[in-house]
Each structure stands twice: as structure tokens, then as C-alpha cells.
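Student: I have just opened this structure and would like to learn how to read it. Could we go through some features together?

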Amino acid sequence: MLGINALYQLYATAYKVRFVETLIAENYHLGLMRCPTHLSIGQELVPAILDSFHDPNHLAVSTHRSHGHYIGKRGSLRKFFDELHGMEEGCSSGNGGSMHLIDKSVGFIGSTAIVANTIPVGVGLANAQKLNRENSLTYIFIGDGATEEGVFYESLHYCAINNLPALFVIENNEFSVYTDLKTRQKGTSIKSKVEGFNVNYFLCNDHDFNYLYEIWGKSISSIKHGSRPYVIEIMTHRLREHCGPNFDDQLLYRNVDFLKKWEEKDLIKMLKENIFKIEKDLNKLNSIEEKIESNVKSIFNDSLSQRKFFQKKF
């Protein structure tokens, strides 16, 4: 079981990701973020764990739903908000928007709108790390939809036979837009397909942060000591629509039991409950939340003001 300090760190990052994403959703209607946005509200577990194992030498590539990974990799919030606002000061010089983030200064090598497109890029990075004998690794963040693309299996095969320092992290929210996993993959588990390549595999259910923390650490250690690449599949849930700032549960493509389950397994709620079991006083937790909200709001408002000034000037 995680100690109180580790729990506080997980909570701070998870809460930061949740607050950043909520702020985006609340301000998207202003029309100043001129890019499609895929929010990761509900999927804060992976960014929180990523931050807990922070290493500036680790590299990462991501997907269209990359905000949380960028924050978990400790990317600049100002550059992030400026990018969403289409400003030259953004992390991708205002050219990429929400789905095309890059910040080499923190090892975040890029995200893309094309499903599975960054997988071979991540494999190339891991290959270079091995050739250069770097004591590092590359995170390859993908969703369950990417496991339906041929390049996923080609990349797993190449990683396995060349023993590359790659950690594939699959965030399985069970839906590709409105189509559920069983309909798309006909009941064939990702586990069975991955293990066919003789690759180490772990599955994390129900936002079990204690278990994910443990296997994440073990995976990093094994990869750095020359073991085969690892795949970690995390069952999770996006709270809002596939693309955009709104809720879409009125469309009924996710049933009531499914939604109720993930409401109970909400990471923010679970972490807060676990912290309260150890420390009955929530003053420290409240202070963490207030600091995060104040800092994030200040950075966002500065970016927003600059965007409005730019719009008015030109």
C-alpha cells in the first residue's frame, strides 16, 4: 500500500489534470481555442503515475488524447495553454493545437491526431536509446483503438526481437467514439494478442492505483536492466464526449451500470478517501487543491488575455 506522501503526490497531479481539463471545457465556447480537443477527464490515473516516476531522460509519445500525458511529463502549462489558443509561444508554435503537442525540453516528443501514428516513432526512439546505450526508456501511450492497427503489432514484434526499452501504456476506455470494445474486437482480449509476441504484460482494473504504481516501477526497473519491452493495459473511463467539451450520455451508447461503476471508481474520489483513512484532517488536501486552482487559473487567464489582445490587434 502506498504511503501518505505518495498518495498526496498522486492526488496533486490527478487533481491538476482534472482542473486543467475542466477549465478548458468551461472556456471552449469562447471560440479562442480553434482546434478540436479530446479531454481526458476521468483518465487521470496514468498522468498521475507518470509524474510519480518522473525522469527527465525518459521520452514519451502520445495520442490525440494527450493533455494528461503532457502534464504528467511536466510540460509547461503556459506553453500548453498558448498552444491551444494558437499562439506562437505555444509548445508547437501555435501550429499543432490540442492534438499535436511537443516539448523536447521535458522529453515529450509528440502526439498526433492519427490513431497509432506515434507508435513507430516511439519504437524508433527506443531503438536509438538502445543503440546509444542510454539508461532510459520511451513511453508509448495509446488507446484501445490503436491496438486494432497493424503498426501496433509490427512495432511489438520489432521491440520484442530487438529487446528495446519501450513501455507501451494502453488506456482502455472501452469505446472508440461510440463503438464498444466487444463489438470491435469480437471478444478477443488485448492480453492474448500481446502475449503472442512474448512481451511482458500487466492489466490494471478499477483504477487500482496501488497496483499500477507497483507494476509501473517494476516495469521501468526491468526495462532498464535489459528485459524485454512491457505492455501495461489500464481499464479506465473518459467522462465526457469523445471529442469536445460536453457530456454525451444522453446518446445512451454507454449503459447505466457502466456509468455507475466508473462514477464509483472515480480516481479523485478514491484517492481522497484513501488519504482520509490515514489523515482524518483534510486541510492539507484542501490547501493542495486551492494552490493548484490558483496557479492554473492564473496561467490560463494570462494566456487567454494574450489571445484576446492578439485577436483585437489583428
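Tutor: Gladly. Let's start with contacts: leaving aside residues up to four places away in sequence, K269 touches E263 and E264. Keep in mind that this is a predicted model.

Student: Where does K269 sit?

Tutor: K269 lies in helix α11, which covers residues 267–278.

Student: How far is K269 from A48?

Tutor: Their C-alpha atoms are 14 Å apart, while 221 residues separate them along the chain.

Student: Now the strands, please. How do β7 and β8 pair?

Tutor: Strand β7 (residues 200–204) runs parallel to strand β8 (residues 230–235), and five bridges join them. In one of these pairings, Y201 has V231 of β8 as its bridge partner.

Student: What span should α9 have?

Tutor: The expected span is 1.5 Å times one less than the number of residues. With 16 residues, α9 should span 22 Å, and its end C-alpha atoms are 22 Å apart, so the two agree.

Student: Which residues of α9 are buried?

Tutor: They are F209, N210, L212, I215, W216, S219, I220 and I223.

Student: And what comes just after α9?

Tutor: There you will find G226, with a positive phi of about 90°.

How values were computed: Residues are numbered from 1 along each chain as its sequence is written. This is a predicted model: local features need pLDDT of at least 70, side-chain atom pairs count only at pLDDT 80 or more; totals for chains, interfaces and linings use all residues. Side-chain values use heavy atoms; hydrogens and water are left out. Two strands pair if DSSP finds at least two bridges between them. Helices (H or I, at least four residues) and strands (E, at least two) are DSSP runs, numbered from the N terminus. Contact means heavy atoms within 4.5 Å. Buried means under 20% relative accessible area, exposed over 50%, partly exposed in between (1.4 Å probe, protein chains only).
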